[in-house]
Amino acid sequence: MQLIDSFPTQKIGDLEYRSGRIFPFGASIVDGGVNFSIFSKEAVSCTLVLYHHGQDKPFVEIPFPEEYRIGNVYSMMVFGLNIETIEYGYRFDGPYSPMDGLRFDKDKVLLDPYAKSVSGRSVWGRKDNGDKLKPLRGQIIREDYDWEGDKPLEIPEKDLVIYELHVRSFTRDDSSGVRHPGTFAGLTEKIPYLKELGVNCVELMPVFEFDEFENSREVGGRTLYNYWGYSTVCFFAPKAGFAASAPFGMEADELKHLIKKFHQNGIEVILDVVFNHTAEGNENGPYISYRGIDNRTYYLLTPDGWYYNFSGCGNTMNCNNPVTRDMVLDALRYWVSAYHVDGFRFDLASILSRDEAGAPMVYPPLLERIANDAVLGKSLLIAEAWDAGGLYQVGSFPAFGRFSEWNGKYRDCLRHFIKGSGESAPELYRRIRGSDDLYRFRGPRASINFVTCHDGFTLYDLVSYNEKHNEANGENNNDGCNDNESWNCGVEGDTKDPQIIDLRKRQMKNMLTILLTSRGIPMLLSGDEFANTQWGNNNAYCQDSEISYIIWSLFDKNKDLFEYVKNLVALRNEYPVIRENSFDLGNNGTGYPELSFHSAKPWQLDEGASNLCFSYMYAQDHARAGTKKDAFIYVAVNAYWEDVYYELPIIPQGMKWHLRLSSSGDVYSKGKEKTLGDQGSFMLGARSTLVLIAK
């Protein structure tokens, strides 16, 4: 109480309060109390509203005296609060003039944009008050988690193998066998599995607080939710419904524990973040936070006050406004410092390059500041380099030397080729090289190579369905992408035909072989390694069901595919030449080009011609790679529907070719490769790939 006695305070009931500290924004614990600080440029007054946990009515409302406002920031210290049992929000009063972009409503209690914990959705999918949802309110947490010396791992980007997953989907199905399915704790139990697979970076789909009941509806007796979470409520708070311990207010610690355990197992954690829009939607959407605090600051508005919709979700954040820009940076810094995350994937990142009129900028201030920020200096930064407004920047995103990109051109090209489209071959060579046409000045590490992601078909569905099957979404199958570059191998959906089953497995392995032996950073979709399916649904954004869940019972059925992927990842880790961040095609110390392309005959390839059969060879110089001996990795690709005879390149005397992997079923681990009987040639089966090692 010495602090209270030392400064003049005012009283309201049993509480005392005084002017607060401007920074940091949000609710921060101070000696004997809590400091509340919040920005609003155009409000005329602000009131702090305090609730006992779970109560509908506040136990006190404290208007900020005018002298507690400095510039456009309201700040106040309140003493005598029990931080374990209170929730808080704000009322803002000001003009209501939608045509001018002003939408103040003093009757609305608003969520603090800087809240570190949000109440109201502590148990996934549960309405605690009949059919009435609890309001979203801020809670105060203690930043006292014991990290035991942990810090972000800072694995070199070129060495990463990324694994994208949805926290709830990964363990929600009963077949996962975890104690706390669908939670951060449940995911922690699966870390040994991910370590065995060999991935060293997980990309978590949105874990910032969102409202799963946003646009929820009943279809066919099943509730459809805002399942993926690409509609943020608060950028500083973890999704409480993903935590088994959230009813006890421990969701932050549960997520921190998960990240610490990942780090202890050599696995980085990057977050899929959505700064392009919020859950408040358009002019018909709810008041949650930003709209009622400072609408014109936080959103892009047309001259007559409507919301620009470059996100496809009703609103677009005004990311290059200085205040909004600072908030985004504060959030990123907070997750790196308080949660030790290793990096971020920015959803619809092209929006972050738009100015206040919606036009793309050459040097967007927000992206420049993120790229050069001191705290984010070692963080992995990945852009989804397009948006829903038609801006497509793959290869031209304002990267400032830092951002990598989801390479949608890699995905489309590889899918097209494996279907049997030889005209894609010339482009595919460039994609395997690391997309030198797109990233010449950034290197292959700028390319996040992928075949599948959360948005679209799974790998199994890509080879099992010609058409999307989204009927369960209740939108008459009109949602989701129509251009999937998929091929069902002759039958739509599941089949018992052994020949089609075999072909589908080969096709999956073919794509994975090329993906994991391409330069750039590979990304896998969770469950693809054992043929998880969404039964043809290519837009499972609303499905809290087996459509979205990872079905772990498929692991035993398709363990051969898992072993294949596991060994491909091990191969990539074993040979640094595959991971080089270089487009140098000249000869190295082996006397061979570091990466060369061939037809079925060595050194004979017209790279501009349509082709269904080719090969490529890495020559690993031991001095450059830091290994004891030189090595050669040869990948043969046959997308033709007939067997093809291949001749092998001549290699240095004393070396022999060994079979490491083939999509027809051969898997040999390091040191156990099978020596080829014929060192000069081989026959490669229809729609197959293989990997040879020379040592």
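Select Arg415, Ile418, Lys419, Leu462, Val463, Glu485, Ser486, Trp487, Gln507 and Met511: together they line the second largest cavity. Helix 9 and helix 13 are the elements that give two or more residues to this lining. The volume of the second largest cavity is about 50 Å³, and its lining has five nonpolar, two polar and three charged residues.

Before moving on, note that this is a predicted model, in which local features need pLDDT of at least 70 and side-chain atom pairs count only at pLDDT 80 or more, while totals for chains, interfaces and linings use all residues. Residues are numbered from 1 along each chain as its sequence is written, and side-chain values use heavy atoms, with hydrogens and water left out.

- A cavity is a set of points, on a 1 Å grid over the protein atoms alone, where a 1.4 Å probe fits but cannot get out; a pocket is an open set with protein on both sides within 12 Å along at least five of seven lines, and lining residues have an atom within 4 Å of a point.
- Grid points are joined across faces, edges and corners, and a volume is the space filled by probe spheres set on the points.
- Ala, Val, Leu, Ile, Met, Phe, Trp, Tyr, Cys and Pro count as nonpolar, Asp, Glu, Lys and Arg as charged, and the others, Gly among them, as polar.
- Helices (H or I, at least four residues) and strands (E, at least two) are DSSP runs, numbered from the N terminus.

**Stop 1: Asn510 and helix 13**

Now pick Asn510, in helix 13 (residues 498-516). Is Asn510 buried or exposed? Asn510 counts as buried because its relative accessibility is 2% (buried means under 20% relative accessible area, exposed over 50%, partly exposed in between, with a 1.4 Å probe and protein chains only). Leaving aside residues up to four places away in sequence, Asn510 touches Ile418, Ser663, Arg687, Ser688 and Thr689; contact here means heavy atoms within 4.5 Å.

**Stop 2**

Two strands pair if DSSP finds at least two bridges between them. Angles run from 0 to 180 degrees between N-to-C directions, and axes are lines fitted to C-alpha atoms, for helices over the stretch in contact. Zoom in on strand 30 (residues 657-662) and strand 33 (residues 688-694), which run antiparallel and are joined by five bridges. Here His658 stands opposite Ile693 in strand 33.

**Stop 2: the largest pocket**

Which residues lie closest to the centre of the largest pocket? Select Trp228, Cys313, Asp455, Asn539 and Tyr541, the closest of the 48 residues that line it. The space in the largest pocket is about 1200 Å³.

**Stop 3: the largest cavity and its neighbouring strands**

Go to His166, Leu525, Ser526, Gln534 and Ser548, which lie nearest the centre of the largest cavity among its 16 lining residues. The largest cavity has a volume of about 170 Å³. Strand 14 (162-165) and helix 2 (167-172) each supply at least two residues of this lining, which holds seven nonpolar, eight polar and one charged.

Follow strand 14 to strand 15, its parallel partner over four bridges; Tyr163 stands opposite Val202 in strand 15. Strand 15 (residues 201-204) is covered on both faces, with Cys201 and Glu203 buried on one side and Val202 and Leu204 buried on the other. Strand 15 is also joined by four bridges to strand 20 (residues 268-273), again running parallel, and Leu204 has Leu271 as its bridge partner there.

Finish at helix 6 (residues 290-298) and helix 7 (residues 322-339), which pack at an angle of about 115 degrees with their axes 9 Å apart. Tyr290, Thr297 and Tyr298 in helix 6 meet Val323, Thr324 and Met327 in helix 7. This contact has four nonpolar, two polar and no charged residues.
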